[in-house]
Amino acid sequence: MRALAHSKHAPGQGNSVDAEDMAGRNVMKDSVQAADPAVIARLSAAPVRLAIVVGLSGVLGAQLVWTAWQRPPAAAIWQGAMILAGVAALWLALRLWRTRGITLELTATELREAGGRRIALLSEMEHVIGGSFALKPAKGFAVRLAAPGPTAWCPGFWWRQGRRIGVGGMTSSLEAHLMAEALTGLLVAQSKAKPKRPAR
């Protein structure tokens, strides 16, 4: 009887969870549009994830440099390799820390950084790439471009290589999901608005 009663309440509990999730999305969407009506979605760094990644990179870099200096391996080439790897890890930690104030913005015409740096125009995009096995940043999404663009990289936020753009890494997973959904809708509307080629 207790199990039966629990099963009767389960659907109601699921609906309440869905309602809370939808309410949270609506609040986030309203706050974004209130700040700037032209911005459809924003994406910023997740503080906890940023602190973990920066901390691990810094600790790893410091440990490699200290080990290579205090307990050098027998071969000098390995000592040099350890120092280079440690310096690279420290450099990455510094670069990641400096990007903590970056925010990505999606408008009806482009995907950009809040400071004005353009990532790509919507007219240059074909579709959003998702799925668990897609080549994309963690907790993010990827976009396929109509033509190759210049290579660029903003650690922890986005990268562009050839005909693909990756967005995510140290960003909020919910904000990334909402941006991917909004971008998908814009690209679908864009493809429908394009004139169709006459059949031969």
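This is a predicted model: local features need pLDDT of at least 70, side-chain atom pairs count only at pLDDT 80 or more; totals for chains, interfaces and linings use all residues.
Biologist: What distance does helix α2 reach from its first C-alpha to its last?

Modeller: Helix α2 covers residues 47-70, which amounts to 24 residues. At 1.5 Å a residue, a span of 34 Å is expected. The helix comes close to this, reaching 34 Å.

Biologist: Against which helix do the buried residues of α2 pack?

Modeller: Buried here stands for under 20% relative accessible area. In α2, Leu50, Val54, Ser57, Gly58, Gly61 and Ala68 are buried. These buried residues of α2 pack against residues 76-98, that is, helix α3.

Biologist: Which residues of α3 are buried?

Modeller: Helix α3 has 23 residues and reaches 33 Å, close to the 33 Å expected. Its buried residues pack against α2. They are Gly86, Ala89, Ala93 and Leu96.

Biologist: Which residues touch the most other members of the largest nonpolar core?

Modeller: The largest nonpolar core holds 25 residues. At least two residues of this core come from each of β1, β2, β4, β6, β7 and α4. Those touching the most other members are Leu104, Met125, Trp158, Val167, Met179 and Leu183.

Biologist: How many residues form the other core that lies apart from it?

Modeller: Among the members of this other core are Leu50, Val54, Ala93 and Leu96. Leu50 and Val54 are buried in α2, while Ala93 and Leu96 are buried in α3. The number of residues in this core is five.

Biologist: Which residues does methionine 125 touch, not counting residues up to four places away in sequence?

Modeller: Met125 is among the residues of the largest nonpolar core that touch the most other members. With residues up to four places away in sequence left out, methionine 125 touches Leu111, Ala120, Val143, Arg144, Leu145, Leu183, Leu187 and Gln190.

Notes. Residues are numbered from 1 along each chain as its sequence is written. Side-chain values use heavy atoms; hydrogens and water are left out. Helices (H or I, at least four residues) and strands (E, at least two) are DSSP runs, numbered from the N terminus. The expected span of a helix is 1.5 Å times one less than its number of residues. Buried means under 20% relative accessible area, exposed over 50%, partly exposed in between (1.4 Å probe, protein chains only). Contact means heavy atoms within 4.5 Å. A nonpolar core is a set of buried Ala, Val, Leu, Ile, Met, Phe, Trp, Tyr and Cys residues joined through side-chain atoms within 4.5 Å.
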